[in-house]
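This briefing covers aromatic rings and a surface patch in one protein model. Please look at the sequence and the structure before reading on.

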Amino acid sequence: IEKCIERDLTGIYNCACRDSWTKYAFGRNIAEVFGLNPALVFPASLDDVGLNAKRGKDLRLNVTRLETALGEPLSTMSESLDRLHQDWQKGFPREIKKYTGEQISIG
C-alpha cells in the first residue's frame, strides 16, 4: 500500500500474493511455521458443509496489473508467511495490543 501511495497509483488493483494455497495447505503451513502440529489440520470441502448459499472455491486474485504498475513482483505465500512469523517473533502483536487494547494470539 505504501508503494502504491508513493507512486500515486489510482484505479482498482488486486493486492495479494502472486501465488496461492488451498485453505488446507494454508493451515498446514501456518502450523509448521509456528511450531504447531500440522497433523491437526484436516482437509474439508465446502460441499460437505451443507451451506445454502453457493460459494466460489477459487479465491485467487490476478495481481499482474499491480505488479506491472509497481515494476516488481509481489510476495509469494511462503515469503509472506515467513515475514508474519518474523514479525510475531519480534513482538509486533504486543505492540499492536498497546493501540487496540485487545489480546492477539495464535494457537
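Is Phe26 buried, partly exposed or exposed? Phe26 has a relative accessible area of 39%, so this residue is partly exposed. The model is predicted. A pair of aromatic rings is described by the distance of the centres and the angle of the planes.

**Aromatic pairs**

- The count of aromatic pairs comes to 2.
- Trp21 is partly exposed, because its relative accessibility is 24%.
- Another pair is made by Phe34 and Trp88; their ring centres are 6.0 Å apart and their planes stand at 80°, so this pair is edge-to-face.
- Phe34 belongs to the loop between H2 and H3, and Trp88 to helix H4 (residues 77–89), so the pair ties together parts that are 54 residues apart in sequence.
- Phe34 is buried, at a relative accessible area of 17%, because the cut-off for buried is under 20%.
- Trp88, with 28% relative accessibility, counts as partly exposed.

**A charge over a ring**

- Arg65 lies over the face of Tyr13, and the distance to the ring centre is 4.2 Å.

**A nonpolar surface patch**

- Leu46, Val49 and Leu51 make a nonpolar surface patch of about 240 Å².
- Leu51 is found in the loop between helix H2 (23–33) and helix H3 (64–70).
- The relative accessible area of Leu51 is 41%, so Leu51 is partly exposed; patches take residues with over 30%.

Key. Residues numbered from 1 in each chain as written. Predicted model: local features only at pLDDT ≥ 70, side-chain atom pairs only at ≥ 80, totals over all residues. Heavy atoms only, no water. Patch = residues over 30% accessible without salt bridge, like charges linked within 9 Å, V, L, I, M, F, W, Y side chains within 5 Å. Areas by Shrake-Rupley, 256 points an atom, 1.4 Å probe, with all protein chains shown as cover. Salt bridge = Lys/Arg side-chain N within 4 Å of Asp/Glu carboxyl O. Helix = DSSP H or I, 4+ residues; strand = E, 2+ residues; numbered from the N terminus. Buried < 20%, exposed > 50% of the residue type's maximum accessible area, 1.4 Å probe, protein only. Phe/Tyr/Trp six-rings, centres within 6.5 Å; stacked < 30°, edge-to-face > 60°. Lys NZ or Arg CZ within 6 Å of the ring centre and 35° of its normal.
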